[in-house]
Amino acid sequence: MTNGFTADVLICGAGASGLTLAIELARRGVSFRLIEKREGPFRGSRGKGIQPRTQEIFEDLGILDKVVAAGGIYPPVRAYGDDGSHAEKDIGERPDPTPAEPYYIALMIPQFRTEEIMRERLAELGHEVEFGCELVDFEQNEDGVMARLAGPDGGQTVRARYLVGADGGRSFVRDALCVGFPGKTLGVRAIVADVALTGLERDAWHEFNDGDMERMVVICPLARTDLFQLQAPIPPDGDVDLSAEGLGRMIGERTGRSDIQVHWVSWASAYAMNARLADSYRVGRVFLVGDAAHIHPPTGGQGLNTSVQDAYNLGWKLAAVLGGGEDLLLDTYEFERRPVAEWVLGLSSRLLDAQRAGEMRRGREVRQLDIGYPDSPLSRQLAERSGRLRPGDRAPDAPVMGAAGQPSRLFQLFRGTHWTLLIHEAGGETVGPRPGLHVRHIGAQGDVIDAWGHVRDAYELAPGEGVLIRPDGYIGAFLMLGAERTMKLERYLGHLGVGRLEEESK
């Protein structure tokens with residue numbers, strides 16, 4: 001880097017959130033270093049559910065097909081009674097896909113495999129994780145962050161314009177900033193382990209003693225592996241035996257069965273469930289993402305997904321400001337994402353209470369498709385409209401056809417690092433090109449044909465109306481074409497570092 005900076009961004013922590021941020025910065029040409037104090041990759045399955053909204057993000061990042069190929073759908077739950085009988089049930093809805101929502105149910109893939117695919121994508125973009133490299137101190141001023149690192153080759157001091165703490169629930173970055181992490185311990189201690197065992201089929205998620213927090217044990221086959229994930233509440237105090245013998249003994253005591261045999265343990269952890277939210281996501285040039293900013297119980301499969309979406313939100317904003325956008329854009333990261341985490345904490349805690357009562361069922365709320373930012377400073381209503389969609393809403397997908405006759409989807413048009421402006425039946429009015437903005441015209445004379453009416457159904461655009469889609473797939477603004485409103489669009493994008501309009505036709 002010039003001007004004495006080692007990198008634009010130093011990312012501390014190479015879990016799912018750190019990797020997402022690194023991919024986002026890499027594909028935008030932003031310099032960064034991604035450090036991880038562990039000596040190697042995480043080997044556990046902890047966050048195994050990929051919700052539909054995160055699948056949409058993974059499509060944009062270029063990894064969804066590999067994630068699907070490496071995972072699978074959740075099997076039905078097989079709940080066992082004390083008499084040995086069992087019944088099968090689904091813990092969540094299984095809706096059909098729609099043109100607006102192409103991904104509709106959670107995928108199951110162990111976290112270690114998800115992160116491996118993300119590292120592979122990062123390598124394709126020319127970057128890698130620096131394992132065994134630990135952040136031990138930092139200080140910041142108005143120009144940047146000075147960080148001291150420790151690694152196998154000794155210590156080093158680096159300068160970065162921004163530092164991002166993606167270093168988990170026990171975040172060094174958060175503690176060093178003296179950011180409060182209020183919340184509560186939820187009174188549940190549990191184990192999660194990846195084990196090889198025999199005695200259970202792989203066609204079901206096996207559940208014993210549902211709702212009994214002293215005897216409950218859940219054993220789920222991990223898709224595309226030979227392992228099962230074991231989850232069980234344990235006493236709040238005392239040591240726990242996480243060996244194959246110890247876990248096998250616990251299973252036998254809780255199920256009354258001697259045929260379930262644990263042969264080896266790939267990974268295991270004992271933890272206390274907490275619900276906590278950082279007081280702030282930003283202190284000057286330092287940001288918190290993922291578990292460093294929020295932790296909550298695993299019920300609902302929200303943790304990894306919320307962390308990925310944090311980083312996805314922050315990444316394009318960091319790139320925009322580094323490219324000339326106004327610094328106030330970075331304040332919208334906390335403004336948009338902290339309320340989401342607060343809502344997720346409440347949802348996960350409610351689902352934990354339902355699990356304690358043996359009544360947990362996951363509905364639409366866990367799919368995260370309804371998350372939006374309607375109150376964000378970035379959500380602008382530049383024209384009156386009567387449609388259901390509003391600025392800040394997730395931008396729906398829709399099958400379309402290109403003018404050359406090939407089938408496509410809106411998500412394919414959105415994919416990448418750019419903003420997208422969809423203009424419906426503009427006639428002679430249009431918006432000229434500018435760097436970072438793709439303009440697509442929908443209609444009989446446009447380059448995008450709404451052949452099946454799905455764009456009409458989802459967006460309800462009037463003739464001459466446009467919808468501006470952010471790089472992260474949310475609606476930034478609606479507008480009607482015309483000199484005054486087009487100038488408002490120019491000012492709006494100019495604040496965000498998107499290049500000036502080169503020409504406008506009216």
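The buried residues of helix H2 are Pro52, Arg53, Thr54, Gln55, Glu56, Ile57, Phe58, Glu59, Asp60 and Leu61, where buried means under 20% relative accessible area, exposed means over 50%, and partly exposed covers what lies in between (1.4 Å probe, protein chains only). That makes 10 of the 10 residues of H2 (residues 52-61), so this helix is largely enclosed by the rest of the structure. Just after H2 comes Gly62, with a positive phi of about 85°. Helices (H or I, at least four residues) and strands (E, at least two) are DSSP runs, numbered from the N terminus.

The model is a predicted one: local features need pLDDT of at least 70, side-chain atom pairs count only at pLDDT 80 or more, and totals for chains, interfaces and linings use all residues. Residues are numbered from 1 along each chain as its sequence is written, and side-chain values use heavy atoms, with hydrogens and water left out.

Another helix story involves H1 (residues 16-26) and H4 (residues 111-124). These two pack at an angle of about 20°, with their axes 10 Å apart; axes here are lines fitted to C-alpha atoms, for helices over the stretch in contact, and angles run from 0 to 180 degrees between N-to-C directions. H1 and H4 are therefore roughly parallel to each other (angles under 35 degrees count as roughly parallel, over 145 as roughly antiparallel, 65 to 115 as roughly perpendicular and the rest as oblique). Their crossing is left-handed, a label used if the near helix is turned anticlockwise from the far one by less than a right angle, with right-handed used if clockwise.

Now for the sheets. Two strands pair if DSSP finds at least two bridges between them. Glu207 stands opposite Val218 in E14.

A further open sheet has 3 strands, in the order E3-E7-E4, with antiparallel pairing. Its edge strands are E3 (49-50) and E4 (72-73), each of which pairs on one side only. E4 meets E7 (residues 107-108) over 2 bridges in the antiparallel sense, and Gly72 sits opposite Met108 in E7.

Strand E27 (residues 475-480) deserves a paragraph of its own. Of its 6 residues, 5 are buried, so E27 is largely enclosed by the rest of the structure. E20 (residues 380-381) pairs with E27 in the parallel sense over 2 bridges, with Gln381 opposite Phe478. E26 (residues 465-469) pairs with E27 as well, this time in the antiparallel sense over 5 bridges. Here Leu468 has Ala477 as its bridge partner in E27. The hairpin of E26 and E27 has 5 residues between the strands, and in it Gly473 takes a positive phi near 85°.

Aromatic rings come next. A search of the whole structure turns up 11 aromatic pairs; rings of Phe, Tyr and Trp (its six-membered ring) pair if their centres lie within 6.5 Å, and planes under 30 degrees apart count as stacked, over 60 as edge-to-face and the rest as tilted. One of these pairs is Trp316 with Trp419, which is edge-to-face at 5.6 Å centre to centre and 90° between the planes. This pair links distant parts of the chain, with Trp316 in helix H7 (residues 303-322) and Trp419 in strand E23 (residues 419-424), 103 residues apart. Trp316 counts as buried at 2% relative accessibility, and Trp419 counts as buried at 4%. Trp419 also forms an edge-to-face pair with Tyr492, 6.0 Å centre to centre and 85° between the planes. Elsewhere, ring pairs link Tyr162, Tyr281, Phe287 and Tyr333 into a cluster.

Rings also take part in contacts with charges. The charged end of Arg174 sits over the ring of Phe181, 3.7 Å from its centre, and that of Arg202 sits over the ring of Phe228, 4.8 Å from its centre. The rule asks for NZ of Lys or CZ of Arg within 6 Å of the ring centre and within 35 degrees of the ring normal.
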